[in-house]
Amino acid sequence: MSFAASKPRSWRFAAEGVLPGFAPAFGYTLLYLSLIVLLPLSVLVWRASGLGFVGLYKIATEPRVAAGLWTSFSISFAAAAVDAVFGFLAAWVLTRYRFPGRGLLDAAIDLPFALPTAVAGISLAALYGPNGFFGEPLLQLFGIKVAFTRLGILVALIFVGLPFIVRTVQPVILEFEPELEEAAATLGASRARVFWTVILPPLAPALLTGVALAFARAVGEYGSVIFIAGNIAYVSEIAPLLIVVKLEQYDYAGATGIATIMLAISFAALLAINLIQAWSRKRLGDV
Amino acid sequence: MFSMADPTAIAPQRDAAPDGREPPRRKAVRGETTFFALSDVRNERPVTRLALIGATIVFLSLFLLSPFVVVFVEAFSKGFGVFVESLAEPDALAAIKLTLLVAAISVPANLVFGLAAAWSISKFSFAGKSLLITLIDLPFSVSPVVAGLVYVLLFGAQGLLGPWLAAQDVQIVFAVPGIVLATIFVTFPFVARELIPLMQDQGTVEEEAALTLGASGLRTFFTVTLPNVKWALLYGVLLCNARAMGEFGAVSVVSGHIRGLTNTMPLQVEILYNEYNSVAAFALAALLASLALVTLGLKTLLEWRHGDALKRRHGH
């Protein structure tokens, strides 16, 4: 690199620009991002705009599609709620207490990320099926059918969403100022009161973020659900499965419509997460 | 900064005590005139503590560990011989080969992209940087099925480029290129999002020093930048590879399910399971579950041994 060539660059980018290689690295980044992600996604948006709002509304209100969307959203929400309770419990116990096997359990939290969804799907179906380790006693003793019902979808989505809550809440519990709890206790607050008034409020943004992440993942989840769900139309069909069904019927407009609605919901969740983050930064400083 | 991503990458363990020690707790000073030791007020009563630990272990065992254990129980339910035979089936072998091929293309592709993106984002300042970071994370917030669908809409027979591709006699969807593209899409952010925050933290001082001492740009990159991020890079590659080999939804949409040709391991698992060939399905599933186990083990090891090198915010 000659001096003459490097001089205008260092002038242009001031303090940041003395390193070489910006143009090729940045150009490649933009090109690769556009080809792999932006171009294909914009084709979806372009196709959806061809349908128009009326077309989208028609697709969304088709009885089978409406049932699928409702199943996906309601059960995803329920699963995120269950995960919020037990994920918080797990995060608390794994961060605050020391007991044998803690490290192993902590590492196992990431299992739903690491285990391929199809594997989780068939093993959940086997586990909760009529002859499964859990399915058989649940059916014989309590008359509860899990596999091939909405309950099965719930179980699968609880599995998929759990690490999102634990991994978002854990660092906040760890960074907690011990003085706050100690001050509250010395002032005479009971442990339960300390929990509700001192511990929980600063954890709320992280918990809400975790819930939004778990919900967003659950809405789009496919592999771990379809085996245990049984996929009965109007009962246990999820929205991503309906996209596949529409594609198999060569109904590209229908598939595009459902995908667009799901994409919109994902972005709404993303926006909600960013708002929660902004709100918590404003209220509590950087969390 | 959160996004709709896999929070494996948020990795609180790296923000936590990296050596797995107890979080620092204030000790009561001897002779301090307190009614009780201060460190005790932050603990629940022993009974409550036991109950909470018990509830966590029961919940995690039922919902998290049992689906994992069952894979191996089912795979070996007819004995080790049948397990090996199921894996030696030509279709199973073809699926294993295809999965390895897809990972061998998509992981390096995203690795090179991750390095390029991290270099330009972390070492230079330009307008629209946070938008670019958001766009890189975008694939994590798209349902895998939608990820597959967009490629069908682009390259499929009725897609935008479909007629043109047919005229050139090039098949992308329902063939290996489509599977590779869909896999690259769903694993797109893994390497980049590990590198970007870390390299932003590290700044440009060391690279500037190397350049001042006369090293070329490439030499600076390979002898200064790369060694500084090697553990984070490995971490990202590990997660990227696990997802690439295990992806189901996106690949399922673009593959066309042609036996021995376009079935990856997860797709072959689905076919075998739907044919009530449970042992063979779980044999392949056990192979994938072992991959998950190795990934988790290496990930935990990396966090434990090199937590400092992975850390992004509290490293200094």
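Predicted model: local features only at pLDDT ≥ 70, side-chain atom pairs only at ≥ 80, totals over all residues.
A residue is called buried when its relative accessible area is under 20%. The buried residues of helix α8 in chain B are B:G178, B:I179, B:V180, B:L181, B:A182, B:T183, B:I184, B:F185 and B:V186. Because nine of the eleven residues of this helix are buried, α8(B) is largely enclosed by the rest of the structure. What do the buried residues of α8(B) pack against? In chain B they meet α4 (90–123), α6 (144–155), α9, α11 (217–246) and α12 (249–255), and in chain A they meet α2 (22–61).

The loop between α8 (176–186) and α9 (190–202) of chain B holds B:T187. Is B:T187 buried or exposed? Its relative accessible area is 0%, so B:T187 counts as buried. A polar atom of the B:T187 side chain lies 2.8 Å from the backbone oxygen of B:T183, and B:T183 is itself one of the buried residues of α8(B). Leaving aside residues up to four places away in sequence, B:T187 touches B:N110, B:C240, B:R243 and B:A244.

Chain B as a whole comes next. Chain B has 15 helices and zero strands. Of its 316 residues, 56% count as buried. Among the contacts in chain B between residues at least 6 apart in sequence, 74% join residues at least 24 apart.

The largest nonpolar core has 195 residues. The residues with the most contacts inside this core are A:I36, A:I243, B:I136, B:F185 and B:L195. Another, A:I36, touches B:Y151, B:L181, B:I184, B:F185 and B:F188, not counting residues up to four places away in sequence.

How many residues of each chain take part in the contact between chain B and chain A? There are 104 residues of chain B in contact with 106 residues of chain A. Together the two chains bury about 9500 Å² between them, and 77% of this area is on carbon and sulfur atoms. Nine residue pairs are in polar contact between chain B and chain A, counting pairs with both residues at pLDDT 80 or more. On the side of chain B that touches chain A, helix α2 (residues 46–75) of chain B gives the most, with 19 residues. By class, that side of chain B has 67 nonpolar, 22 polar and 15 charged residues.

Charged pairs form another part of the picture. Side chains of opposite charge can pair when their charged atoms come close. Over all chains the count comes to 13 salt bridges, and one salt bridge is found across the interface of chain B and chain A. Which two residues form a salt bridge at 2.4 Å, N to O? They are A:D110 and B:K299. B:K299 lies in helix α14 (residues 278–305) of chain B, while A:D110 is in the loop between α4 and α5 of chain A, so the pair joins two chains. At 2% relative accessibility A:D110 counts as buried, and B:K299, with a relative accessible area of 3%, is buried as well.

Each of these partners has a further salt bridge. A:D110 also pairs with A:R167, with their closest N and O atoms 3.1 Å apart. A:R167 lies in helix α8 (residues 150–174) of chain A and A:D110 in the loop between α4 (102–108) and α5 (111–114), so this pair ties together parts that are 57 residues apart in sequence. A:R167 is buried too. On the chain B side, B:K299 meets B:E303 in a salt bridge (3.3 Å, N to O). Because B:K299 and B:E303 are four residues apart in helix α14 of chain B, they are separated by about one helical turn. Both residues of that pair are buried. A network of salt bridges links A:D106, A:D110, A:R167, B:K299 and B:E303.

A last stop is in chain A. Helix α13 (residues 252–284) of chain A contains A:Q277, which is buried, with a relative accessible area of 7%. The side chain of A:Q277 makes a polar contact with the side chain of A:T209 (2.8 Å).

Technical notes. Residues numbered from 1 in each chain as written. Chains lettered and ligands numbered in written order. Heavy atoms only, no water. Core = buried A, V, L, I, M, F, W, Y, C linked by side-chain atoms within 4.5 Å. Buried < 20%, exposed > 50% of the residue type's maximum accessible area, 1.4 Å probe, protein only. Contact = heavy atoms within 4.5 Å. Buried area = accessible area lost by both parts, 1.4 Å probe. Salt bridge = Lys/Arg side-chain N within 4 Å of Asp/Glu carboxyl O. Polar contact = N/O pair within 3.5 Å; in protein donor to acceptor, adjacent residues only side chain to side chain. Nonpolar A, V, L, I, M, F, W, Y, C, P; charged D, E, K, R; others polar.
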